[in-house]
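This report describes one protein chain for a reader who is new to structures. Look at the sequence and the model first, then read on.

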Amino acid sequence: MMKKNRRAAARVEGGTADAKRRGGVPLLVLLAGLLLALPGMVAAQDLPLTGAERANWERTTTHAEVMEFLWEVQSRTDQMLVQELTVTNEGRPHPVVFLGDPPLSEPTAALLSGKPTLFIVGTIHGNERSGKEGGQQFIRELTLGDHQDLLEHVNVIIVPHMNPDGGDAGRRTNSLGYDMNRDWIVAETREVTAVVEQILNRFAPDVFVDAHNGGSYPYHMTYQATLDPTADDALVEYARGPMYEFIKDHMETQDMMMYWYSGPSFDEDNETWYWRTTVPWPRKQHSYGGIRNMITLLYEVPGRHTLEVQADAAREAMLGLTRFMAENADQVRDVVIEARRRTVEEPQDEVYFDLEPIAYPDA
Ligand SMILES: [Zn+2]
């Protein structure tokens with residue numbers, strides 16, 4: 001049914017013949033040399049694999065393996081910088097990855113580059129593994145794979161594993177029991193605090209994505225823009241219009257389907273299909289990103305897919321978005337800059353409610 005993307009198994013040609021050796025060498029010697037060189041030429045050099053790929057998708061990648069993978073990819077490219085944002089309560093490193101041509105880990109340099117900045121968080125809920133698995137593959141694709149051209153046009157910042165303690169425990173919350181996708185306003189957890197202070201406050205990314213598991217099968221990706229009712233209309237319309245259409249089309253080229261979060265649900269009592277979304281609590285990423293004037297997306301991959309397909313879906317939705325930003329780099333920047341300008345220059349001095357005056361009926 002699914003045309004699997006086999007880039008995970010992509011290989012780099014190794015042992016290329018030395019052209020200089022060929023010139024002027026007698027044929028017999030050349031043939032003998034080729035035969036001797038053959039094993040090296042045929043043996044392909046593997047790209048770094050994630051823990052889940054090495055385990056043939058029978059388990060998720062441990063956080064220690066995520067770290068190994070990041071260091072390994074970084075050692076093979078000059079387009080990636082890994083830094084540690086903080087240390088979790090249980091002592092695990094909490095990494096952030098800067099990707100770019102060149103990778104820019106200073107906000108001034110990122111701003112002066114003129115390129116839009118994409119910021120992705122994966123697996124803030126530790127038992128929702130698609131963001132972590134797809135995020136690692138996304139990093140490999142941009143730096144060593146078939147999408148290296150994208151970094152000429154976009155700065156990417158990604159925290160591939162936002163919840164290292166919860167991830168290793170297979171648990172939604174961090175080790176203190178905190179659902180960190182309810183912590184964006186108060187920022188009580190050290191993981192969210194580190195991201196807010198070191199990434200959001202300093203880099204003010206243009207696009208902010210949070211990658212979860214959820215939504216409805218058989219869709220591969222369910223998508224939502226910010227539900228913050230005070231968000232700038234242009235940010236919302238852009239995410240719901242051209243951005244959505246582009247990513248959806250990209251998913252279709254990979255034989256995957258995308259739909260609005262949370263997709264169709266079935267009401268057992270009334271035996272009817274219905275569609276629902278989620279609540280616009282400011283403390284959730286998708287609302288908070290709207291408050292912060294970022295184009296904000298929620299990615300939810302239905303957990304009924306195999307882990308391998310979940311990773312495919314998350315990776316391709318990240319790649320599709322990055323491709324959109326690369327092809328529309330100036331437009332993305334303009335949409336965000338204009339929204340931020342309006343916030344400063346055109347503040348709303350009146351707020352209209354169309355609600356009945358229920359709370360104070362005698363007023
Ligand atoms: Zn979640």
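This is a predicted model: local features need pLDDT of at least 70, side-chain atom pairs count only at pLDDT 80 or more; totals for chains, interfaces and linings use all residues.

Tryptophan 71 counts as exposed because it has 12 C-beta neighbours inside 10 Å. Residues are numbered from 1 along each chain as its sequence is written.

Tryptophan 71 belongs to helix α4 (residues 63-75). Between tryptophan 71 and proline 48 there are 9.9 Å from C-alpha to C-alpha, at a separation of 23 residues in sequence.

The protein chain as a whole has twelve helices and twelve strands. Helices (H or I, at least four residues) and strands (E, at least two) are DSSP runs, numbered from the N terminus. Of its 363 residues, 43% count as buried.

Two helix pairs come next. Two packed helices are described by the angle between their axes and the distance between the axes. Axes are lines fitted to C-alpha atoms, for helices over the stretch in contact, and angles run from 0 to 180 degrees between N-to-C directions.

| Helix pair | Angle | Axis distance |
|---|---|---|
| α4 and α6 (residues 130-144) | about 5 degrees | 11 Å |
| α9 (residues 233-253) and α12 (residues 329-345) | roughly 155 degrees | within 9 Å |

The angle in the table makes α4 roughly parallel to α6, a term for angles under 35 degrees, whereas those over 145 count as roughly antiparallel. On the α4 side the contact is made by Val66, Phe69 and Val73, and the α6 residues include Ile139 and Leu144. Two residues are in contact if their C-beta atoms, placed from the backbone, lie within 7 Å.

For the other pair, the angle makes α9 roughly antiparallel to α12. Here Ala234, Leu235 and Tyr238 of α9 meet Val335, Glu338 and Ala339 of α12.

Strand β3 (residues 80-87) pairs with strand β4 (residues 93-99) in the antiparallel sense, over seven bridges; strands pair if DSSP finds at least two bridges between them. Leucine 81 has phenylalanine 98 in β4 as its bridge partner. Five residues lie between the strands of this hairpin, where glycine 91 takes a positive phi near 90 degrees.

How values were computed
A residue is buried if 20 or more other C-beta atoms lie within 10 Å of its own, exposed if 12 or fewer, and partly exposed in between; C-beta atoms are placed from the backbone. Angles under 35 degrees count as roughly parallel, over 145 as roughly antiparallel, 65 to 115 as roughly perpendicular and the rest as oblique.
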